Amino acid sequence: MTNQAINSNELYRVPKGCSWQCDLTNRVYIQFQETVAAFRLRDFFAFHRKVSAIDIHEMIYNLSDDFDFEIIEAPQQGVSLQLGLCELVQLRDLLDGTKFALKLNSMLHEALGTVSLV
């Protein structure tokens, strides 16, 4: 077992991927299909906003071939994905769940402070 695996906390999981937070590197890792990317917290939230801003309704109702796929890039993390509608919805679910888990962890730390479990 690597140090990264020991110091990582899984945040959220969907059938196509999962996310975890590494305490050593202070990064959020997103594994989606065969792609794994590490994000600083600020970069993760920017990537989440970018994916959430994609107009899914336009992809559903526009019959043009231009709207069959969406290219999503995060150049700093070396991520370039070409996703269809179903894959995009699954990535959004993963990112939304990860954002929720990060905010919940933050709220718990604020409310409870540092508590050691026995």
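Which residues are buried in α4? Leu-88, Leu-91, Arg-92, Leu-94, Leu-95, Gly-97, Thr-98, Ala-101 and Leu-102 are, where buried means under 20% relative accessible area, exposed over 50% and partly exposed in between, with a 1.4 Å probe and protein chains only. Before we go further, a word on the model: it is predicted, so local features need pLDDT of at least 70 and side-chain atom pairs count only at pLDDT 80 or more, while totals for chains, interfaces and linings use all residues. Residues are numbered from 1 along each chain as its sequence is written, and side-chain values use heavy atoms, with hydrogens and water left out.

Let us step back to the whole chain. Four helices and six strands make it up, taken as DSSP runs numbered from the N terminus (helices H or I, at least four residues; strands E, at least two). Read from the N terminus, the order is α-β-β-β-β-α-α-β-β-α. Of the 118 residues, 33% count as buried.

Now back to α4, which covers residues 85-112. Its 28 residues reach 40 Å from the first C-alpha to the last, close to the 40 Å expected at 1.5 Å a residue; that expected span is 1.5 Å times one less than the number of residues. An α-helix has 3.6 residues a turn, so residues three or four places apart point the same way. Asp-93 is also found in α4, and with a relative accessible area of 36% this residue is partly exposed. The C-alpha atom of Asp-93 is separated by 9.4 Å from that of Tyr-12, although the two are 81 residues apart along the chain. Just after the helix, Gly-113 takes a positive phi of about 70°.

Strands β3 (27-32), β4 (35-39) and β6 (79-84) each supply at least two lining residues, with β4 giving the most, three.

Together with Phe-44 and Phe-45 they form one aromatic cluster. The whole structure has four aromatic pairs, counted when ring centres of Phe, Tyr or Trp (its six-membered ring) lie within 6.5 Å; planes under 30 degrees apart are stacked, over 60 edge-to-face and the rest tilted. Phe-44 and Phe-45 have ring centres 5.5 Å apart and planes at 65°, so their pair is edge-to-face. Phe-44 counts as buried at 0% relative accessibility, whereas Phe-45 is partly exposed at 22%.

Finally, look for charge pairing. The search finds one salt bridge, defined as a side-chain nitrogen of Lys or Arg within 4 Å of a carboxyl oxygen of Asp or Glu. Arg-13 forms it with Glu-10, their closest N and O atoms being 2.9 Å apart. Arg-13 counts as exposed at 53% relative accessibility, and Glu-10 as partly exposed at 48%.
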